Every structure is written in structure tokens, then in C-alpha cells.
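Here are a few notes from my pass through this one. Have the coordinates open as you read.

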Amino acid sequence: MVARLTRVASGLPPIKADAAVEWAEKKAGFAFHELQRTAVRNALVHKFTILTGGPGTGKTTILRALVEILKAKKVRVNLAAPTGRAAQRLAETTGGFASTIHRLLKYDPAAGGFISIEKTPLATDFLIVDEASMLDSRLASALLQAIPSRAHLLLVGDTDQLPSVGAGNVLKDLIASSRCGSATPSSHSSIGVTRLSMIYRQTGQSGIVRTAHAINSGDPSLPPAVPEVMHVDPASDLTFISATDAEDCVRKTIQLCTEFVPQRVKWPHPINDVQILAPMHKGVAGVGNLNTQLQGALNPHPRGLRSLTGEYRPGDKVIQLRNNYDKNLFNGDIGTVVSIDPDHNTIDASFDGERHTFERGEFSDLALAYAISIHKSQGSEYPIVVIPLLKGHFMMLQRNLIYTAITRGKKKVFLVGEPAAYAMAVRNSESKQRITHLREKIAVTGNVAEYR
């Protein structure tokens with residue numbers, strides 16, 4: 001599949017890459033960094049390219065410029081991401097239309113597979129896939145099969161985040177197999193990899209971005225910390241709030257959502273705007289108990305509909321737990337309960353403006369989502385993120401976990417817990433190794449990456 005893409009000539013119209021970059025700079029109103037220019041050139045010249053980097057390193061600038069250039073040349077561009085929220089964010093940042101990969105490939109429940117395959121490929125000249133670190137082996141294989149031989153593919157992702165929930169470590173393996181440590185493809189590889197490292201967002205002054213990069217460098221120094229919620233500076237975008245134990249952590253988390261955020265930060269909708277990201281499901285400060293406590297604090301509705309997975313009330317934030325192709329809902333989609341009907345045992349919930357009815361047998365597809373696991377947050381961003389962090393979470397405390405959680409916050413991040421737990425997470429860079437054999441299967445011969 002990789003060989004098919006890299007062996008066939010490009011189907012793009014003639015594009016003078018350097019002139020196109022200059023045009024995009026003028027349109028943007030500022031000069032790009034040389035690595036950003038190289039990334040755009042690579043994507044235009046080479047069939048298969050990868051763009052990787054942490055938050056604030058300029059990936060959005062590159063994608064916006066590339067889409068502008070391709071649209072000006074009347075190129076058919078498709079934008080996709082593994083989750084609905086990631087696709088929505090990609091559309092907002094580039095000005096194009098984006099969809100989930102499942103929707104792009106048109107999954108057919110009756111056939112048990114995708115409609116877009118190698119024999120009936122996508123009608124596209126250029127495919128951009130964001131949050132590519134979330135791609136597991138099955139989805140990546142289906143995606144590569146569906147790309148026309150003459151089309152270009154750009155994978156965008158952050159290799160320091162958690163790997164995919166499903167099997168494989170596709171993005172890291174592809175980067176490793178490229179044998180390309182620089183921005184320009186070498187004579188030994190046809191996969192161009194651009195690694196971005198310079199921080200652009202808020203001229204490097206963002207506490208979220210600064211802390212994320214400190215975590216990746218293994219610096220366990222605690223971010224600005226306060227003992228109580230009332231001591232938090234509303235102007236700060238990242239704060240550590242110390243907690244003495246799990247109960248204190250939960251109390252301060254609820255205080256942030258019910259008092260501090262609506263009153264001091266002036267965000268009036270804590271249910272919609274605040275997302276709690278917990279390392280574990282069980283325990284006092286785990287996803288399950290946090291959801292129960294937050295539901296009672298934020299949505300004390302008198303009537304609810306009980307099920308084996310909990311009680312649902314109008315106004316509750318909920319998450320879809322599995323792919324449901326009939327409803328066009330996918331694992332990780334977050335919505336809101338609109339109404340309940342105890343007489344007919346149904347729940348109506350809205351996901352991205354689309355209303356769906358869940359019958360009693362489908363209740364297990366849903367769960368409360370005031371708090372979700374950090375793994376479930378992959379591919380999403382939220383205005384405000386709260387992260388409970390305790391030594392009791394030691395089984396899950398890893399560098400890529402805390403890095404992923406912090407980089408989900410767009411405006412504000414609050415870590416609530418024990419300082420020692422933060423240091424434990426940052427120092428633990430030994431995530432479980434995944435034996436995928438993908439690197440071994442891609443044999444690099446000349447300018448063509450081939451499967452053995």
C-alpha cells in the first residue's frame with residue numbers, strides 16, 4: 001500500500017512549490033519559518049509526507065497554507081481525522097470541510113466494511129489526515145487502500161501523545177521506517193518527515209505550551225501551584241492546585257466547576273466548556289465517582305432515567321462508547337441528553353446538532369461524560385480542562401499520559417492533586433512497547449518504500 005502510493009507519479013497539476021509558498025505567506029500576512037516552508041514544499045512535491053510536532057509549533061499555519069494553495073490550483077482536497085471533534089477542529093483551522101475517517105470511507109454496516117477501497121477509491125487528489133497518532137493498524141490499512149494511486153497523502157500528528165487505542169503504533173513506525181531525520185526526504189526514502197520544534201503560540205508565553213514541552217524534556221518541576229481554588233489567578237492558563245488526598249481532590253474539582261469557572265473565569269456553561277480528564281476509571285478520583293459527584297453538583301434534575309450504566313437526566317453530558325454506524329455515531333463522540341421518556345424507556349441525545357433516540361437496549365452505548373478518561377480525550381480539545389492527579393493513579397502515571405491531558409486544553413488547564421504524582425508521571429517515560437513489525441515490513445529500497 002505504501003509502495004503503491006510512492007511508486008506512482010503525482011496527479012497534481014504543475015505547481016511551482018517555492019512560488020506557492022511565497023504566495024501563501026503574502027496571503028497569511030507574515031513570513032513562515034524555514035521548517036514551515038519546507039513542510040509545505042514537501043507536501044506539494046512528494047506523494048507521502050508526515051508532519052509532526054507538539055502544541056504551538058505551527059502545524060495549523062502549514063495546513064492552512066497548504067489548503068489555500070491546493071484550492072487555488074483547483075485540486076480536490078479531502079480533510080479527515082479519527083474523531084468527530086478532531087475533524088471539526090481541522091475544518092475550523094483550515095477553512096475546508098473535514099469528516100471522520102469512517103465517514104470519509106463510507107462504512108457499510110450490511111457489508112461489514114468500507115465502500116471506499118482500492119477498487120473503488122476516494123475521489124480525491126490530496127488527502128490530509130490530522131491526529132494521525134490515533135490511527136491503529138486496521139484503520140490505517142483501510143485508509144491507505146482507499147487513496148487513489150496518483151493522490152498525495154499528508155499525515156499530521158504528535159508522536160509524544162498516547163498511541164492509538166487499537167493495535168499498532170502506525171505514525172511512529174512510519175516515521176522510523178522513513179529513515180529521514182531531517183525535513184527533506186533522503187535518497188533512501190520517499191516518505192518526507194518534517195519535525196517542528198520551535199514554539200510560536202503566544203510567542204512561547206503560554207503556560208500550557210511551555211509546560212507540555214517541559215514534560216517532554218523530562219523536567220518534573222511543578223507548574224505554578226496554589227493550595228486552594230480561591231488562590232488561583234484567573235488570568236493564568238495553567239495552574240496546579242494541591243490536594244491532600246482523593247476526597248480533597250474531588251472537592252476542589254467540583255469547586256472549580258461550580259464556583260471558580262463561572263464566577264471568576266466568566267465561562268457560564270461549565271457542563272459544556274469544562275472537561276475533567278482522569279487517569280483511571282475506578283477510585284474516589286476516578287471517572288465513575290467523578291461523574292456521579294459532578295452530575296449531582298452541575299445537573300441536580302429531579303427526574304432521571306436509571307439504567308445499569310447509571311442515571312441519565314436532561315442536560316447531562318454523555319459520551320458514545322462504541323461505533324454505531326446506523327446512527328452515524330462513533331466511539332468518543334460527546335453529546336447532551338435533550339430529554340428522557342420514562343414511560344417508553346428512551347433517551348434523546350444531541351450529538352453535533354443531530355438528535356438520536358436510544359432505547360433501553362442501547363443505554364450501554366452511553367456513559368456520563370462530565371469526566372472521561374485521558375485515553376478517551378485523544379483527538380479532542382476543550383476550552384477548559386481539569387486533571388485529577390494522585391499517587392494512587394501510579395499504574396497509569398506516564399509522561400505521554402500527562403502530556404496528552406495537558407495539550408487537550410485550549411484556554412485553561414487545572415491540575416488538581418499531589419505534586420509527587422506529577423513528578424512520578426513526568427519521570428516515567430517507559431510506556432509499554434508495542435510489537436507491530438510494521439517497520440520490518442517496510443523495506444526501503446532506493447526511493448521507494450516497499451512492503452516485504
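A word on labels before the points: helices and strands here are DSSP runs, numbered from the N terminus. Also keep in mind that this is a predicted model.

1. Start with Ser377, which sits in the loop between strand E19 (371-373) and strand E20 (382-389). Its relative accessible area is 0%, so Ser377 is buried, the limit being under 20%. Beyond its neighbours within four places in sequence, Ser377 touches Leu277, Ile372, Tyr382 and Arg408.

2. Glu381 is partly exposed at 25% relative accessible area, while Arg89 counts as buried at 14%.

3. Arg89 has a salt bridge with Glu131 too (2.5 Å, N to O). Glu131 is in the loop between strand E6 (126-129) and helix H7 (137-146) and Arg89 in helix H5 (residues 84-94), so this pair ties together parts 42 residues apart in sequence. Glu131 is buried, at 6%.

4. Now for the rest of the charge pairing. The whole structure has 17 salt bridges. One network links Asp18, Glu25, Glu34, Arg37 and Arg41. Elsewhere, Arg355 pairs with Asp348, with 3.1 Å between the closest N and O atoms; Asp348 is buried at 16%.

5. Last, the helix packing. The axes of H2 (residues 17-28) and H4 (residues 59-72) come within 10 Å and cross at roughly 115°, which means H2 is roughly perpendicular to H4. The crossing is right-handed. Residues making the contact include Trp23 of H2 and Ile69 of H4. By class, the contact of H2 with H4 has seven nonpolar, no polar and two charged residues.

Notes: Residues are numbered from 1 along each chain as its sequence is written. This is a predicted model: local features need pLDDT of at least 70, side-chain atom pairs count only at pLDDT 80 or more; totals for chains, interfaces and linings use all residues. Side-chain values use heavy atoms; hydrogens and water are left out. Helices (H or I, at least four residues) and strands (E, at least two) are DSSP runs, numbered from the N terminus. Buried means under 20% relative accessible area, exposed over 50%, partly exposed in between (1.4 Å probe, protein chains only). Contact means heavy atoms within 4.5 Å. Axes are lines fitted to C-alpha atoms, for helices over the stretch in contact, and angles run from 0 to 180 degrees between N-to-C directions. Angles under 35 degrees count as roughly parallel, over 145 as roughly antiparallel, 65 to 115 as roughly perpendicular and the rest as oblique. A crossing is left-handed if the near helix is turned anticlockwise from the far one by less than a right angle, and right-handed if clockwise. Ala, Val, Leu, Ile, Met, Phe, Trp, Tyr, Cys and Pro count as nonpolar, Asp, Glu, Lys and Arg as charged, and the others, Gly among them, as polar. A salt bridge is a side-chain nitrogen of Lys or Arg within 4 Å of a carboxyl oxygen of Asp or Glu.
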